[in-house]
Amino acid sequence: AWLPVKGGLKAAVADRARIKKEQEEIKAESVRRTHELERLCPTIEEHLALIQVNPYDCENRCFNVSAMARQIISRNVGLYDIGGQTWVRLEFTDRAAPNSQFQGIVRGMGAFTYTSAIGAANTIPRLRVLKTEFPE
């Protein structure tokens, strides 16, 4: 059955054109982000390489990571556990740091040193998130 559209046929055509334009903009943004990722990360290493790397040697290297949140430091920054073997500092530029798990592509920004509750200095990789696969 045909249902009338509020505003008539002109409004329906305008809505359809607006939706198509929005879809094209989303696709263009996705292509732009893919090109940017390829430029920044010609090689993407698996998270096992990150577990084995010296935190000072992760700068400008890219990794595919799956991590669990351990402590949220600020809206966009958190400490995450990778495979129960190492902690990393993840910095999110376009979203809040997820309070559970994270999966995506990250780029090393150097090392980050913090003091634990018992007073020990810990140095871990500092990573910037380039692409989030989960959560979306």
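Which cysteine does a disulfide join to Cys41? The partner is Cys62, with an S to S distance of 1.9 Å.

This is a predicted model, in which local features need pLDDT of at least 70, side-chain atom pairs count only at pLDDT 80 or more, and totals for chains, interfaces and linings use all residues. Residues are numbered from 1 along each chain as its sequence is written, and side-chain values use heavy atoms, with hydrogens and water left out.

**The disulfide**

A search of the whole structure finds 1 disulfide (a pair of cysteine sulfur atoms within 2.5 Å). The torsion about the S-S bond of Cys41 and Cys62 is about -70 degrees, so the disulfide is left-handed. The pair links distant parts of the chain, 21 residues apart. Cys41 sits in the loop between helix 1 (8–40) and strand 1 (44–46). Cys62 belongs to strand 2 (residues 62–74). Helices (H or I, at least four residues) and strands (E, at least two) are DSSP runs, numbered from the N terminus.

Cys41 and Cys62 are both buried. Buried means under 20% relative accessible area, exposed over 50%, and partly exposed in between (1.4 Å probe, protein chains only). Cys58 is in no disulfide. Its nearest cysteine sulfur, that of Cys62, is 10 Å away.

**Accessible area**

| Residue | Relative accessible area | Class |
|---|---|---|
| Cys58 | 0% | buried |
| Arg89 | 15% | buried |
| Asn60 | 48% | partly exposed |

**Arg89**

Arg89 lies in strand 4 (residues 86–91). Why is Arg89 classed as buried? Its relative accessible area is 15%. The Arg89 side chain makes a polar contact with the side chain of Glu91, at 2.9 Å. A polar contact is a pair of N or O atoms within 3.5 Å; within protein, one must be able to donate a hydrogen and the other to accept it, and residues adjacent in sequence count only if both atoms are side-chain atoms.

Leaving aside residues up to four places away in sequence, Arg89 touches Ile73, Val77, Gly78, Leu79, Phe112, Ile124, Pro125, Arg126 and Leu127. Contact here means heavy atoms within 4.5 Å.

**Backbone features**

Asn60 lies in the loop between helix 2 (47–52) and strand 2. Its phi is near 65 degrees, a positive value in a residue other than glycine.

A cis peptide bond joins Phe134 and Pro135, with omega about -10 degrees. Pro135 is found in the segment after strand 6 (121–134).
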